[in-house]
Amino acid sequence: MANTAAVPKSFRLDLLNGKHAFGTSVVRAGTGADTFKAALYLATATINADTGAYTATGELAATGNYSAGGATVTNATAPANTGGTGIVAFWTPSASITWTALTSSGSFDCALLYNSTNSNLAVGVFTFSAQSITAGNFSLTMPTNDLTTGLIRIG
Amino acid sequence: MLVHTINGLIERDLLEIKDIFTEEDNARIHATEWFLDGELVRRDCNVSILRGLEVNGAQSSFK
């Protein structure tokens, strides 16, 4: 037998499932999954790695069928670490994020994914070329939910 | 078929449609622009995220 230094495969998955708290944690209302939302930001906003939580600053105005705080993300698929060697844990929303009959208040190029159950803490910032929507639909189609392309991966 | 626009519901046959496809490093974008007599009256867009974000750290040995 030989010992091998490693971060256990299960640890990454446990992180996505909120099972470890190395610092001060939060009191949870239950054991269910948190609610995650996505908000859209104007191209003039400053959303980046320093954005620790959802902010209304720079967000699309709540007009034209856009609501402050954005849209709730469909989360019907639990995090997994299947495929490959099992080292990468991953999670992806189970449906596209869609706004219908939208008229954006300006040109936007960013979506912030955040945890609306837990203090609106930021999860990920996604950027794309600036878009404006006029009386139309805007959708963010999710990548394939696996270890190489999943929306959030811990490798 | 009627299409929702900034001018209300308009017959699709009256609209000129322009599809725009853009390939980016991590996204594929498809925008559809609808024109009525040269005026943009509707614009849709779909952004397909090709790859998500990875929190990545190499494993190391202590010995």
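Reader: Why does A:Thr144 count as partly exposed?
Author: This is a predicted model, in which local features need pLDDT of at least 70, side-chain atom pairs count only at pLDDT 80 or more, and totals for chains, interfaces and linings use all residues. Residues are numbered from 1 along each chain as its sequence is written, while chains are lettered from A and ligands numbered from 1 in the order in which they are written. A residue is buried if 20 or more other C-beta atoms, placed from the backbone, lie within 10 Å of its own, exposed if 12 or fewer, and partly exposed in between. A:Thr144 is therefore partly exposed, since its C-beta neighbours inside 10 Å number 14.

Reader: How many helices and strands does chain A have?
Author: Read along the sequence, the pattern of chain A is α-β-β-β-β-β-β-β-β. The count for chain A is accordingly one helix and eight strands.

Reader: What is the strand order of the open sheet in chain A?
Author: Two strands pair if DSSP finds at least two bridges between them. In chain A, β1 (residues 36–42) is joined to β2 by two bridges, whereas β1 pairs with β5 over seven bridges, and β5 pairs with β6 over seven bridges as well. The four strands of this open sheet, with antiparallel pairing, therefore stand in the order β2-β1-β5-β6.

Reader: Which residue is the bridge partner of A:Phe36 in β5(A)?
Author: The pairing of β1(A) with β5(A) is antiparallel, and β5 (residues 108–115) of chain A is mostly covered, with six of its eight residues buried. Within β5(A), the residue bridged to A:Phe36 is A:Asn115.

Reader: Which residue in the turn between β5(A) and β6(A) has a positive phi?
Author: β5(A) and β6(A) form a hairpin, with five residues between them, and a bridge pairs A:Ala111 with A:Phe126 in β6(A). The residue in the turn with a positive phi, of about 55 degrees, is A:Ser119.

Reader: Is A:Ile152 buried or partly exposed?
Author: A:Ile152 lies in strand β8 of chain A. It has 19 other C-beta atoms within 10 Å, so A:Ile152 is partly exposed.

Reader: Which residues of chain B are in contact with A:Ile152?
Author: Two residues are in contact if their C-beta atoms, placed from the backbone, lie within 7 Å. Leaving aside neighbours within four places in sequence, A:Ile152 is in contact with residues of chain A, including A:Phe90 and A:Trp91, and in chain B with B:Gly52 and B:Leu53.

Reader: Which residue of β6(B) is the bridge partner of A:Ile152?
Author: β8(A) and β6(B) pair in the parallel sense, over three bridges. In β6(B), A:Ile152 is bridged to B:Leu53.

Reader: Which strand of chain B gives the most to the side that touches chain A?
Author: Chain B and chain A each bring 29 residues to the contact, and β1 (2–5), β4 (27–36), β5 (39–49) and β6 (53–55) of chain B each supply at least two residues of the side of chain B that touches chain A. With ten residues, the strand that gives the most to this side is β5(B).
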